[in-house]
Amino acid sequence: MSLKEQITEDMKTAMRAKDAERLGTIRLLLSAMKQKEVDERIELDDVAVVAIVDKLIKQRKDSIAAFEQAARQDLADKEKAEMAVLQAYLPERMSAEEVTAAVQAIVAELGAKGPGDMGKVMGAVKAKLAGKADMGQVSAAVKAALAG
């Protein structure tokens, strides 16, 4: 079963269970997926779905930070609940050590030296680690590898 089919099944389950919060979050995800399919006239595969989930989680993190800064804990809690539902659709994430090792291998493979090669390295790393690692963590690992 593809990730897209799994999300649709989860929506039906949430509807049957009358779980309004979970249902709302899943519908939001399905809406974002449908929007991408319509805009680009493509059928989404699991990698593209994971990219959309990642994007939505990043939006939630930004919102949580803004709401907490504005002392709106009620809204921050709602965003955290949505983020928890979305994270269920992400594959197992790589540890910091695995990310660092993968980045160092790619840097060595490309023969990259210095911060000027960051774009080249990030392109290769994104292709290899998309959906498997937090890109913020990956970016920090690339900077460290190129600085050293």
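**Figure 1. Salt bridges across the model.** The structure holds 11 salt bridges. A salt bridge here is a side-chain nitrogen of Lys or Arg within 4 Å of a carboxyl oxygen of Asp or Glu. This is a predicted model: local features need pLDDT of at least 70, side-chain atom pairs count only at pLDDT 80 or more, and totals for chains, interfaces and linings use all residues. Residues are numbered from 1 along each chain as its sequence is written, and side-chain values use heavy atoms, with hydrogens and water left out.

**Figure 2. Lys4 and Glu37 form a salt bridge.** Their closest N and O atoms are 2.4 Å apart. The pair links distant parts of the chain. Lys4 lies in helix α1 (residues 3-16), and Glu37 lies in helix α2 (residues 20-40), 33 residues apart. Helices are DSSP runs (H or I, at least four residues), numbered from the N terminus. Glu37 is buried, at 9% relative accessible area. The classes are buried (under 20% relative accessible area), exposed (over 50%) and partly exposed (in between), with a 1.4 Å probe and protein chains only.

**Figure 3. Lys36 and Glu40 pair within helix α2.** The N to O distance of this salt bridge is 3.0 Å. The two residues sit 4 apart, about one turn of the helix. Glu40 is partly exposed, with a relative accessible area of 43%. Lys36 is also partly exposed, at 31%.

**Figure 4. Lys58 and Asp62 pair within helix α3 (residues 46-69).** Their side chains meet in a salt bridge at 3.5 Å, N to O. About one helical turn separates them, because they are 4 residues apart. Lys58 is exposed, at 52% relative accessible area. Asp62 is partly exposed, at 45%.

**Figure 5. Helix α5 (residues 96-110) packs on helix α6 (residues 118-129).** The angle is about 130 degrees, and the axes are 10 Å apart. Axes are lines fitted to C-alpha atoms over the stretch in contact, and angles run from 0 to 180 degrees between N-to-C directions. The two helices are therefore oblique to each other. Oblique covers what is left after roughly parallel (under 35 degrees), roughly antiparallel (over 145) and roughly perpendicular (65 to 115).

**Figure 6. Residues at the contact of α5 with α6.** Contact means heavy atoms within 4.5 Å. From α5 come Ala102, Val103, Ile106, Val107, Glu109 and Leu110. They meet Lys120, Val121, Ala124, Val125, Lys128 and Leu129 in α6. The contact residues divide into 9 nonpolar, no polar and 3 charged. Nonpolar means Ala, Val, Leu, Ile, Met, Phe, Trp, Tyr, Cys and Pro; charged means Asp, Glu, Lys and Arg; the others, Gly among them, are polar.
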